[in-house]
Amino acid sequence: MEILTWILGTLVRGLAFGTPLLWGSLGEIYAERAGVVNLGVEGMMILGAFSGFAVAQVTGNPVIGLLAAAVVGALAALLHALVSVTLRANQYVSGLALSMFGLGLSGLLGRRWEGIPLDHPLPEVTVLAPLGISLAVALWIVLYHTRWGIVLRTTGESPAAADAMGINVTLVRYLAVVFGGLLAGIAGGFLSVAYRPSWTEGMTAGIGWIVVALAIFAGWDPLKAIWTSLLFGVLFHLSFRLQTWIPPEPLQIMPFAFTIVVLTVGARRGGRVRQAAPEALGLPYVRGER
Amino acid sequence: MRWIKLFVIVTAMLLVATTGWAQQSKLKIGFIYVGPIGDFGWTNAHDVGRKQLEKAFPGQLETFYVESVPEGNVEPFIDKMVRGGAKVVFTTSFGFMDGTIAAAKRYPDVIFAHASGFKRASNSATYMADFYQIYYLNGLMAGALSKTNRIAYVGAFPIPEVKRHLDAFALGARAVNPKLTIHVRWLFSWFDPAKAKEATEALLAEGADTYAFTEDSPTVIQVAAKKNRLSFSHYSPMQRFAPKHVISGQLVHWERIYIDFVGKVLKGTYTTQNLQNVDYWWLLAEKAVELGGQPGQAINPLFTGRLKAAKVKTSEFGTISVYDLVNRRLAQMSKNPVAFDPFTGPIRDRKGVLRVPAGKTMTVQELTTMEWAAPGIVGQWPGEPK
């Protein structure tokens, strides 16, 4: 009985911390499936966290807060799309800049809200966790079993072929990146509206980077993102829970080390991870050029 | 017409000359911060100190700062400050220590002061406002208020500073309730709300009901309060974030040190020649630190009743309430020299090794290098001596 509560408690914590990872990585998977790397997840998440908290506090409604977080995340992503798709700047540089911009701007705007507890928070695991899992299933179906999915994947694999098929590559990439930002915004909003629930400058503290890694770890597959997020969430919590018996230093690197190990093993087994990467990932598309 | 022109030019030149002169006569003081000034702990507290310093000497000095300076790369920032005319430079993080000493060698006519370190030079002093006495007082209260006999500490890094605070907290708690255990989690981060949250959740699952911590956000307080658990505020006034659950806490007043130090520089007491042995180790007696979760309130009045009802047997005062004990210890430690120190022997560590012999009190040197764990502490303790 004791051990059962222990396992159950750990799973609940894993689900709680895994939720923002799941929402964030689903968004990143879709953006990268269209061929656009967005390293601005950290920035979009922190902007979502700030706006989600501020709006939820002012309106007294956490759902409206989350919607605001989604809109702000999407707007931030639009910036990345503009720079990297239309202006064809380096996607990595643009994403990094977005991360720094988001951290700076939210820190500046957030001073007044710092530390205040949210009056009406959202429950931690009963709302966004099941919604996120359903969303992952839906996104998997769309990706592999609908025409939209083919359009998205073709754009990421071979934009030239997509263009030849009459697909508007620019439009698809814009939509995918903005959708990714929308989910990243919700992931950030979850942190300030349900997980903490409070606003602190820089509160994402690197979660956005974990999200980028998890998108790759999941092999750009929305279904796999469910268990990779949950696994990382459980390991993150265990790195504190297990401190009763195990020294903290190895525990601190456990979630990351474990991820690398699984990734390496996965890559060795027939190079699945390699194959899954969209062929044109990170490359701006210019008609007539290769 | 020509005369008017000449007059205007001469006046303008005079104006520029005099304001330039006035600016030169003002003492320029630079501050180098490790974090953003908007954080909820260390850097913010230093910046409050800087502003108070400006107010204390109106018109006599000019301060400026850089924030979020990486620990390993402080020297270029010092160079820039000195080029900008700084005559006094405060470097406010442990990791700036070697960079500060190197810069002090390079700029012999500039005065430096480094917070929390132990290396000095003829033109470079050290200073620290330490909390260990306050953690002891917080421990006394935790010992009286814990119902599960399990209290918790979320620590940033297992370094002497945090271990000293944890030990003082544990010694205080066990002075009131010897059956009590102190459960520890390490974050390996000064600021990380997600880590602080999961560490607190792990401790909640273990049944700890009173929380102290070292982390620069109110996360521990708020997560504990959500489960109706009590806590102590850390570094900045955090009581307002959980007014029904914060018992007390630790507050810092860096301005006390800054005003004293700069006053002595202005008077000529401190020069670039005589700082080799200047080390501020300021505590309650110097009013560099304060007991409480908000300024001017040592104990949240909501807990006064329960603390008065809890009785404790002491060899010094007989049987008194914990409320009285806290106040008496506070008064004893606010005297100079102190009438009580938490680290007075005999103290054994949790392995039974005698760390402080009877009748002895730990020296500053011993306090800043201590690694042992006090009895009652449960959990990992990296670097624990055998």
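**Close-up 1. Pairing of β6(B) with β7(B) in the predicted model.** B:Tyr153 has B:Val184 of β7(B) as its bridge partner. The two strands, β6 (residues 150-155) and β7 of chain B, run parallel and are joined over six bridges.

**Close-up 2. The β-α-β unit of chain B that contains β7(B).** Helix α6 (residues 160-176) of chain B forms this unit together with β6(B) and β7(B). The unit is right-handed.

**Close-up 3. Pairing of β7(B) with β17(B).** Strand β17 of chain B covers residues 377-378. Two bridges connect β17(B) to β7(B), and the sense is parallel. Opposite B:Ile182 stands B:Ile377 of β17(B).

**Close-up 4. Burial of strand β7(B).** The strand spans residues 181-186 of chain B, and six of its six residues are buried. On one side lie B:Thr181, B:His183 and B:Arg185, and on the other lie B:Ile182, B:Val184 and B:Trp186. Both faces are covered.

**Close-up 5. The contact between chain A and chain B.** Chain A contributes 27 residues to the contact and chain B contributes 24 residues. On the side of chain A that touches chain B, at least two residues each come from α1 (2-33), α10 (222-241) and α11 (248-268) of chain A. The most are given by α10(A), with four residues. By residue class, this side of chain A has eleven nonpolar, nine polar and seven charged residues.

How values were computed. Residues are numbered from 1 along each chain as its sequence is written. Chains are lettered from A and ligands numbered from 1 in the order in which they are written. This is a predicted model: local features need pLDDT of at least 70, side-chain atom pairs count only at pLDDT 80 or more; totals for chains, interfaces and linings use all residues. Two residues are in contact if their C-beta atoms, placed from the backbone, lie within 7 Å. Ala, Val, Leu, Ile, Met, Phe, Trp, Tyr, Cys and Pro count as nonpolar, Asp, Glu, Lys and Arg as charged, and the others, Gly among them, as polar. A residue is buried if 20 or more other C-beta atoms lie within 10 Å of its own, exposed if 12 or fewer, and partly exposed in between; C-beta atoms are placed from the backbone. Two strands pair if DSSP finds at least two bridges between them. A crossover is right-handed if, with the strands pointing away from the viewer, the path from the first strand over the helix to the second runs clockwise.
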